[in-house]
Amino acid sequence: MLGLEAIAAHNGWAMALVGALIVFTGLILLSLAVSQIHKVLQLWDKRGSSLRPKKSGGAGAGPPKITLSPEAKIAAKQVKLLIERIGEPFSLPKLLELSQKAGLARSHGKVNELVDAGLIVPDGKGAFSWNQPVFETNVINS
């Protein structure tokens, strides 16, 4: 027995049909999963927001008070002196270069912390400036 007779005798047509159905079912499930991946990613992005308490942003709420670590306060004073030397507005790479030459340990991290604290603010044109009121509130008065 050869050819089509052998296929029919050993249930080859049924096996081919079941195999094709398995493959197409897998492809359909895969396409459904890929089409819904954006919903899974949105849930992943919002995973912690439902657990955090909501803050009331009333009319009397001012900007949040930022607390700096003692090391960051020392770094802020050093960076302020460097900024006075190079002038405002200044380039952040230039400030980082000068802070490394001046021996400020972990200068990238410290400057990043000062940017996050609002002491160094971008002007929207690629340069940065020193935020004196925030400096006086967070470093000098505390």
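Visitor: What makes Leu92 part of a helix, and which helix is it?
Guide: Leu92 lies in helix H5, which covers residues 92–101. This is a predicted model, and a helix here is a DSSP run of at least four residues.

Visitor: Which residues does Leu92 touch, leaving out those up to four places away in sequence?
Guide: Leu92 touches Val111 and Phe128. A contact requires heavy atoms within 4.5 Å. Leu92 and Phe128 are 36 residues apart in sequence, yet their C-alpha atoms are 6.7 Å apart in space.

Visitor: Which residues of H5 are called buried, and why?
Guide: They are Leu92, Leu95, Leu96, Leu98 and Ser99. They are called buried because each has under 20% relative accessible area. Pro93 and Lys101, on the other side of H5, are exposed, which means that each has over 50%.

Visitor: How do you know that the buried residues of H5 line one face?
Guide: Seen down the axis of H5, the buried residues fall within an arc of 165°, so they line one face of the helix.

Visitor: What covers the buried residues of H5?
Guide: The cover includes helices H4 (70–86) and H6 (107–116), together with strands E1 (120–122) and E2 (128–130).

Visitor: What makes a group of residues a nonpolar core, and how many residues has the largest one?
Guide: The members must be buried residues of nonpolar kinds such as Leu, Val or Phe, joined through side-chain atoms within 4.5 Å. The largest such core has 20 residues. Val79, Phe90, Leu95, Ile120 and Trp130 have the most contacts inside this core. At least two core residues come from each of H4, H5, H6 and E2, and H4 gives the most, with six.

Visitor: Which residues is Phe90 in contact with, leaving aside neighbours within four places in sequence?
Guide: Phe90 is in contact with Ile83, Leu95, Ile120, Ala127, Phe128, Ser129 and Trp130.

Visitor: What is the pattern of the protein along the sequence?
Guide: The pattern reads α-α-α-α-α-α-β-β-α, with seven helices and two strands.

Visitor: How much of the protein counts as buried?
Guide: Of its 142 residues, 22% count as buried. The protein exposes about 10,700 Å², and carbon and sulfur atoms supply 64% of that area.

How values were computed:
Residues numbered from 1 in each chain as written. Predicted model: local features only at pLDDT ≥ 70, side-chain atom pairs only at ≥ 80, totals over all residues. Heavy atoms only, no water. Buried < 20%, exposed > 50% of the residue type's maximum accessible area, 1.4 Å probe, protein only. Areas by Shrake-Rupley, 256 points an atom, 1.4 Å probe, with all protein chains shown as cover. Arc of directions from axis to C-beta.
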